[in-house]
Each structure stands twice: as structure tokens, then as C-alpha cells.
Amino acid sequence: MQKKKPIRDSIQIMKKNWKDIGVMLVFDILFVLLLFNLRFISGKVNGFFFVLLAKLTGLASLIALLFLVIIESILLIAVYSFFKYLILGNLLQMFKKKDLKFNRFFSFLGLNCIISIPLFILYFVFFTLIMSYLGSLLSTGINNILSFLANLVFIAILILILMIYFYTLLNLAHNIFLRESRLWKIIKKSLINSFRFRSYKIYLTNLRVIFIYLVFLFIYYGFMKLFVLTSIQSYLKYGGIYKFGLIATTVLTFYFLLLFNRINFYQNSVKGNK
């Protein structure tokens, strides 16, 4: 039996389905552009709410802030759901040569709201407690710098774990959605699978790719520093190219990881259903 090589296999799938990958890229670019515009609109709305919050105190201000978070979350979820639905349609076309009917979109939107809104509220409460804790530490003074740094590292690790879990749960739910129409079954299967180790094996390959990326950056930085960026004049002449290389490598690496995860979450979901 031939040993499975996830990176090589995913690259072959991307090459074979380059048109669908290209369509995904267009959807992702449009999503990012729309997010920038939403951030501008959100800034205007936030300005209005902050004027309102300034007039409120205690529990009333907290409720108003929570309401703002929920409204903005729903708007973000709606935009995300639209583009993710199109991308799931691309995945279905790549592997099954089937179309994802648009009449299931509102069911998909409901799924994302059911999963995301409680988690957004949990994160909001979690970050509020963290900011309150850090604020109290800073106001009273930091007596033990090592203890403070240890707390920061612990908080960062906890946030990372929560983000990975949320990302995994969402991807599991989306791929189960392609085979299951009942929301309660989708959520049940997603929650069960989100506590299984096999759902997280994909991140071992992610770490390999990130390690290769970091090694490349180290070599690239060393080469440019030793042989190209050797003077102020060379910085002025080639500094732009150096920065472009860093940005391009970073964007390509992490977009590859995004495509890799999409492909492998779909494939793992199909295998888990057999």
C-alpha cells in the first residue's frame, strides 16, 4: 500500500483542478476586499454606539456593548457564509462533479449562526475578563515580571487552542453539511468529531509547512543580508524587492495552507462517513 503524502497529494489535486482553485482565489479576494469595506462601515456604526455608551453606566453599558458585538457578528457571519458557501460548492464540484444548490444557503447561514454566535459571546466574555485581569495587574504594579510573562504566555496558548478548536469545529460542520440536511445532526456530528484526535492530525502537516517556510525565511534573510543588502545604497535599491519577497512568500504559504486544509477537511470528512 502506497504511503499517503498529504502535501504532495494536495498539490496534485490543486494542479488537476486549477480552474476551481482559481475561482476559489477570486472568491477569497472578493471576501477580503468586502471585509475592508465592512470595517469602514463598522467604524461609523461603532462611533455612534460609543457616543451612546458614554451616556450609559454599569450593566447597561455592558449590555449595549454585547448587543453591538452580536449585531456585528451576525453581519460578519452573513458575509462569510455567502463566500464559504460558494467555496463549498467549488469543493463539491472538484470531488463529486455536483453543484451545491443555492436553496440551502439560509440553512447554512443558520448553521454558522448557531455555532458562531455562542462562541463569539464566549470569546467576548473571555477577552473582557482577560483585559480586566491585565488592567488590574498594570494598575497595581507588576511585582514579579516572570509571573506576569508566564500569565501572558498561558493566555496566548489558551487563545490559540480556542481558535484552533473553533476553526476545526466550523470546518467539520461545513463538510458534514454537504452530506446532511438536518441541522441538529450536523451540530451533533461536528461536536463529537471535534473531540477526536484524528480531526487535528491535519495540523501536523500545517506545522511541517510552517517549519519549511521559516527555514526558507532564514535562508532568504541571510542571503539578502550577506550578499545584497550590504550598504545603505543597496537598501534603497533592493529594499523594496526584499520586502516584496517576504510578503509574497508569507501570503503564498498561508494561502496554500488554507487550500490544503479545505481539501483535507473535505477528504477526511468523506472518509469518516464511510
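**View 1. The lining of the largest cavity draws its largest share from α3.** In this predicted model, α3 gives 3 residues to that lining. The residues around the space are K84, L88, L91, N171, N175 and R262. Both α3 and α5 supply two or more of them. By class, the lining splits into 2 nonpolar, 2 polar and 2 charged residues. The space inside comes to about 30 Å³, and there is 1 cavity of 30 Å³ or more. A cavity is a set of points, on a 1 Å grid over the protein atoms alone, where a 1.4 Å probe fits but cannot get out, and lining residues have an atom within 4 Å of a point. Helices are DSSP runs (H or I, at least four residues) numbered from the N terminus.

**View 2. The largest pocket is lined by 30 residues.** Look for F31, Y80, Y167, N171 and L258, which lie nearest its centre. N171 also lines the largest cavity. A pocket is an open set with protein on both sides within 12 Å along at least five of seven lines. Helices that each bring at least two residues include α2 (18–54), α3 (58–96) and α8 (232–272), while α5 brings the largest share, 7 residues. The lining has 23 nonpolar, 4 polar and 3 charged residues.

**View 3. Helices α5 and α6 cross at roughly 135 degrees.** Their axes, with α6 spanning residues 183–193, come within 9 Å; axes are lines fitted to C-alpha atoms over the stretch in contact, with angles from 0 to 180 degrees between N-to-C directions. The two helices are therefore oblique to each other, the class left once angles under 35, over 145 and from 65 to 115 degrees are set aside. On the α5 side, the contact (heavy atoms within 4.5 Å) is made by Y165, L169, L172, A173, I176 and F177, and on the α6 side by I186, K189, S190, L191 and N193.

**Notes for all views.** Residues are numbered from 1 along each chain as its sequence is written, and side-chain values use heavy atoms, leaving out hydrogens and water. As the model is predicted, local features need pLDDT of at least 70 and side-chain atom pairs count only at pLDDT 80 or more, whereas totals for chains, interfaces and linings use all residues.

Key: Ala, Val, Leu, Ile, Met, Phe, Trp, Tyr, Cys and Pro count as nonpolar, Asp, Glu, Lys and Arg as charged, and the others, Gly among them, as polar. Grid points are joined across faces, edges and corners, and a volume is the space filled by probe spheres set on the points.
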